[in-house]
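Dear colleague,

Please find below the structure that I promised to hand over. My notes on it follow, and I would be grateful if you read them with the structure open.

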Amino acid sequence: MFEKSALDYLYRERDDFTPLVVMMCGIAGSGKTTFSQKLEKAGFVRLSIDEEVWSANGRYGIDYPIEKYREYLDRAHARLRDKLVKLIHNKDQIVIDSSFWRKSERVEYKKLVEAAGGKWCIIYLKVSHADLLHRLKMRSKRFDANAAFPITEEVLTDFLNRFEVPKGEGEIVIEY
Ligand SMILES: Nc1ncnc2c1ncn2[C@@H]1O[C@H](COP(=O)(O)OP(=O)(O)OP(=O)(O)O)[C@@H](O)[C@H]1O
Ligand SMILES: [Mg+2]
């Protein structure tokens, strides 16, 4: 699907009784933050795992040692889940700006959303290796919550090897 068609579809799917929860799925640099910020402009509440860590713990490798990152990330995920449930109860439309790399995590969130009274949609951003490298290189000039550390070619290859591509999970694929 093209990005514009996906955005139009998500706008139509907003529902005041059964709120829509968009789950962004994709490797680092695929554009999850950029895409979810477009939904935010249209009134969705954006829950960002990276901004959650940044606001609670500060800058990676500066305000806390790199070894602490995993622990802080786990705690941020717990807070994000709590916020998600409250927002669904409040009938907000939501977008989760996290990576959803693992299938088990996608399954867990689908259940959480449904149990809280919402409906989910997975948006998978499919970007070629070469484009990812280019995007990440451009982004590495920035330093903020959504560009917290530069991702090298080596790290990207490791991410690609570990990423569990969604297939037959009800995902909408946007191919760039
Ligand atoms: N559709 C697009 N076309 C070209 N460049 C894009 C597109 N979407 C995002 N970018 C650029 O690619 C870079 C990575 O995008 P973004 O930060 O949104 O990715 P991300 O999936 O959130 O990454 P991460 O998992 O590391 O948070 C940014 O510099 C952004 O401006
Ligand atoms: Mg991001």
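In this predicted model, five strands form an open sheet in the order 2-3-1-4-5, and their pairing is parallel. Strand 2 (45-48) and strand 5 (171-175) lie at the edges; each has a single partner strand, so one side of each has no neighbour in the sheet. From one strand to the next, the twist averages 25°.

As background, the strands of a sheet pair through backbone hydrogen bonds, in either a parallel or an antiparallel manner. Here, strand 4 (residues 119-126) is joined to strand 5 in the parallel sense over 5 bridges.

Which residues of helix 1 are buried? They are Ala-6, Leu-7 and Leu-10. Viewed down the axis of helix 1, these buried residues fall within an arc of 100°, so they line one face of the helix.

The buried residues of helix 1 pack against strand 1, helix 2 (32-41), strand 4 and strand 5. On the face turned away from the buried side, helix 1 carries the exposed residues Lys-4 and Arg-12.

Yours sincerely

Notes:
Residues numbered from 1 in each chain as written. Chains lettered and ligands numbered in written order. Predicted model: local features only at pLDDT ≥ 70, side-chain atom pairs only at ≥ 80, totals over all residues. Heavy atoms only, no water. Pairing = 2+ DSSP bridges. Helix = DSSP H or I, 4+ residues; strand = E, 2+ residues; numbered from the N terminus. Axes fitted to C-alpha atoms, helices over the stretch in contact; angles between N-to-C directions. Buried < 20%, exposed > 50% of the residue type's maximum accessible area, 1.4 Å probe, protein only. Arc of directions from axis to C-beta. Contact = heavy atoms within 4.5 Å.
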